[in-house]
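These are my notebook entries on one structure. I set out to record what I looked up, one topic at a time.

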Amino acid sequence: MIHRRHALGLLAAASLLPSRALANVSYQRSEFRSSLAKRFFDLGTVGTFVGYKVDDYLIVASDKLRSGEGRLPASTFKIPNSIIALETGVVADPDKDVFKWDGVKRSIAAWNKDHTMRSAIAVSAVPVYQEIARRIGQERMQKYVDLFEYGNRDIGGGIDQFWLTGNLRIDPIQQVDFVDRLRRGVLPVSKRSQQLVRDILPMTKVGDATIHAKSGLLGAEVGKPSLGWMVGWAEKGSRQTVFAMNMDCKDKSQIAARMTVTQQCLTDIAAY
């Protein structure tokens with residue numbers, strides 16, 4: 001029996017990424033829409049967008065190549081990091097456990113204060129999540145990254161750096177697969193941990209729709225941005241679409257456009 005989660009992975013492997021073909025699922029549906037790539041071209045950059053329309057069981061991608069290329073997850077790793085923190089007890093309550101500011105003034109002012117996990121994920125406070133990762137430790141972190149089948153599962157490069165400058169790589173298809181399992185609450189951890197992380201994810205309202213999403217920006221912590229991410233899901237009524245977007249970010253306008261281009265692509269595929 002092929003479960004829905006495995007079917008999604010196989011669908012991606014068989015249809016979008018022939019080089020990773022594992023099996024053929026007869027009821028899969030996937031398609032490419034080159035018009036989505038124009039959204040990045042219009043911004044003067046390149047990128048990729050993958051959307052999984054849950055009700056239609058349809059994956060829509062802007063391209064065949066970049067959608068399957070693994071890259072550092074940057075702060076999108078705060079999603080699994082939060083789950084692991086709760087599951088291991090490193091964080092008991094995302095609203096009550098406080099991480100004290102270390103007194104080091106960083107270029108992003110919102111990081112220079114005490115944070116709970118909820119407030120830290122809202123401003124993507126890298127130092128807080130580096131401390132969380134150190135408290136989790138290498139052994140437990142590896143255990144859960146393996147359980148989640150997260151990207152290439154390689155956390156080499158430092159316990160507080162592997163998702164920023166280390167060896168971890170994940171592609172947009174894998175991001176969609178992971179986020180979809182969190183959305184449905186079927187990751188191999190407690191329902192409580194998954195529900196709390198769904199609850200603390202930043203939300204954006206677009207008309208009658210709600211987007212739950214985490215951004216990522218490689219090099220943000222050192223002031224040298226290079227790659228932007230946006231991963232999550234959009235919902236309007238009972239309709240839900242899981243998505244992952246990444247694009248090269250070379251200036252402030254492109255950094256700011258991560259959510260804009262994501263919303264444009266979601267509109268293009270009639271997600272809401």
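Entry 1, an aromatic pair. I looked up Phe77 and Phe162 in this predicted model and noted that both residues are buried. Their rings form an edge-to-face pair, with 5.1 Å from centre to centre and 80 degrees between the planes. I then asked where the two residues lie along the chain. Phe77 is in the loop between strand S3 (58–61) and H3, while Phe162 is in the loop between helix H6 (138–147) and helix H7 (172–184), so the pair ties together parts that are 85 residues apart in sequence.

I turned to Tyr144 and Phe148, whose rings make a tilted pair at 6.2 Å centre to centre, with 50 degrees between the planes. Are these residues buried or exposed? Tyr144 has 8% relative accessibility and therefore counts as buried, the cut-off being under 20%. Phe148, at 0% relative accessibility, counts as buried too.

I recorded a cluster in which ring pairs link Phe77, Tyr144, Phe148, Tyr150, Phe162, Trp163 and Phe178. The count of aromatic pairs comes to eight.

I examined H3, residues 78–88, and found it mostly covered, with 10 of its 11 residues buried. Among the buried ones are Lys78, Pro80, Asn81, Ile83 and Leu86. Just after H3, Gly89 takes a positive phi of about 85 degrees.

Which residues have the most contacts inside the largest nonpolar core? I noted Ile83, Ile132, Met141 and Phe148, in a core of 58 residues. Helix H5 (residues 126–136) supplies the largest share of this core, six residues. A second, separate core has 25 residues, including Ala209, Ile211, Ile255 and Val261. I also listed the contacts of Ile83: leaving aside residues up to four places away in sequence, Ile83 touches Phe148, Phe178, Leu182, Leu187, Val189, Ser193 and Val197.

I looked up how H7 meets helix H8 (residues 191–200). Their axes come within 8 Å and cross at roughly 110 degrees. Angles of 65 to 115 degrees count as roughly perpendicular, so H7 is roughly perpendicular to H8. On the H7 side the contact is made by Arg181, Leu182 and Arg183, and on the H8 side by Gln194, Val197 and Arg198. I sorted these contact residues by kind and recorded two nonpolar, one polar and three charged.

Notes. Residues are numbered from 1 along each chain as its sequence is written. This is a predicted model: local features need pLDDT of at least 70, side-chain atom pairs count only at pLDDT 80 or more; totals for chains, interfaces and linings use all residues. Side-chain values use heavy atoms; hydrogens and water are left out. Buried means under 20% relative accessible area, exposed over 50%, partly exposed in between (1.4 Å probe, protein chains only). Helices (H or I, at least four residues) and strands (E, at least two) are DSSP runs, numbered from the N terminus. A nonpolar core is a set of buried Ala, Val, Leu, Ile, Met, Phe, Trp, Tyr and Cys residues joined through side-chain atoms within 4.5 Å. Contact means heavy atoms within 4.5 Å. Rings of Phe, Tyr and Trp (its six-membered ring) pair if their centres lie within 6.5 Å; planes under 30 degrees apart count as stacked, over 60 as edge-to-face and the rest as tilted. Axes are lines fitted to C-alpha atoms, for helices over the stretch in contact, and angles run from 0 to 180 degrees between N-to-C directions. Angles under 35 degrees count as roughly parallel, over 145 as roughly antiparallel, 65 to 115 as roughly perpendicular and the rest as oblique. Ala, Val, Leu, Ile, Met, Phe, Trp, Tyr, Cys and Pro count as nonpolar, Asp, Glu, Lys and Arg as charged, and the others, Gly among them, as polar.
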